[in-house]
Amino acid sequence: MTSERHLPIHHRAEDPGGRLDSFGDVIWVHCPECDKASKKDANGVSCGHCGYTTVQSRKSSNTKWAVPASPKQKCSHCSEPIGSESRPTARTKDGELFLWVRCPHCGETDDYPARQSWNTQHFGYEPGPPLFLSTQVAGETLWVNNLAHLDALEDWLGAKVRERGPQPGLTMMAKLPRWMKASTNRDKVLRGLAQLRDRAQKAGIDQ
Ligand SMILES: [Zn+2]
Ligand SMILES: [Zn+2]
């Protein structure tokens with residue numbers, strides 16, 4: 001379990017190099033069955049809470065994958081945006097497609113009008129269950145795969161001076177979106193990361 005961690009604000013940081021998949025071995029997602037934090041790796045999802053396991057399917061046209069019909073869809077409980085990620089929880093009611101979404105802000109779930117999505121443009125991942133460690137910051141989605149990814153982002157984005165590391169080219173850090181690196185957003189982004197760390201801790205996420 002992660003203990004109290006001093007936020008490394010305004011230090012110098014060097015790009016550790018590496019691409020996204022070199023940070024940690026797993027991706028924490030919402031279990032498709034019980035919604036709790038479950039691990040996803042190359043073999044699929046395995047949930048330590050309910051025992052759910054999947055084998056990655058090579059079929060790209062799973063009819064349960066959908067996105068909210070409106071990218072600006074608001075939560076019916078707290079009115080915050082629910083995001084526009086592709087999810088495997090679509091169902092048809094009276095001929096209309098709906099998507100079951102858990103709000104990243106208040107945690108309430110509801111069905112929202114949806115449209116089919118055969119693949120996700122989101123982060124260039126294969127479609128998969130929604131990430132567990134994701135939150136909204138400055139109208140954007142801040143997300144991490146795991147604790148190694150979280151540590152690295154916190155170190156890098158909290159730094160006042162960011163130096164290129166030994167590895168040239170498009171490292172994970174070099175590819176971060178502009179809003180995340182903007183000094184005007186630094187405090188918000190660091191608060192968002194602290195919130196994700198808190199959520200990880202409560203969910204028993206340990207890697
Ligand atoms: Zn589960
Ligand atoms: Zn909500």
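## Salt bridges and a zinc site in a predicted model

D151 is partly exposed, because its relative accessible area is 28%, where buried means under 20%, exposed over 50% and partly exposed in between, with a 1.4 Å probe and protein chains only. The structure is a predicted model, in which local features need pLDDT of at least 70 and side-chain atom pairs count only at pLDDT 80 or more, while totals for chains, interfaces and linings use all residues. Residues are numbered from 1 along each chain as its sequence is written, chains are lettered from A and ligands numbered from 1 in the order in which they are written, and side-chain values use heavy atoms, with hydrogens and water left out.

The side chain of D151 meets that of R197 in a salt bridge, with N and O 2.8 Å apart; a salt bridge is a side-chain nitrogen of Lys or Arg within 4 Å of a carboxyl oxygen of Asp or Glu. Because D151 lies in helix 1 (residues 147–157) and R197 in helix 3 (residues 186–202), this pair ties together parts that are 46 residues apart in sequence. Helices (H or I, at least four residues) and strands (E, at least two) are DSSP runs, numbered from the N terminus. R197 has a relative accessibility of 10% and therefore counts as buried.

| Salt bridge | N to O distance |
|---|---|
| D151 and R197 | 2.8 Å |
| D111 and R91 | 3.1 Å |
| D111 and K93 | 3.1 Å |

R91, K93 and D111 are linked in a network of salt bridges. D111 forms a salt bridge with R91, and this pair links distant parts of the chain, with D111 in strand 8 (residues 109–116) and R91 in strand 6 (residues 90–93), 20 residues apart. D111 also meets K93 in a salt bridge, and since K93 lies in strand 6, that pair ties together parts that are 18 residues apart in sequence. R91 is partly exposed at 39% relative accessible area, and K93 is partly exposed at 38%.

The zinc ion (ligand 2) is coordinated by the SG atoms of C75, C78, C103 and C106, at 2.2 to 2.3 Å. Donors are N, O and S atoms within 2.8 Å of the metal (3.2 Å for Na, K and Ca), and water is not among the atoms, so sites may look incomplete. Along the chain, the donors of this zinc ion follow the spacing C-x2-C-x24-C-x2-C. The 4 donor atoms subtend angles of 105 to 113 degrees, which makes the arrangement tetrahedral, a term used for four donors if all angles lie between 85 and 135 degrees. C103 counts as buried at 1% relative accessibility, whereas C106 is partly exposed, with a relative accessible area of 33%.

Note on methods
Four donors count as tetrahedral if all angles lie between 85 and 135 degrees; four count as square planar and six as octahedral if opposite donors are over 155 degrees apart and all others between 65 and 115; anything else is irregular.
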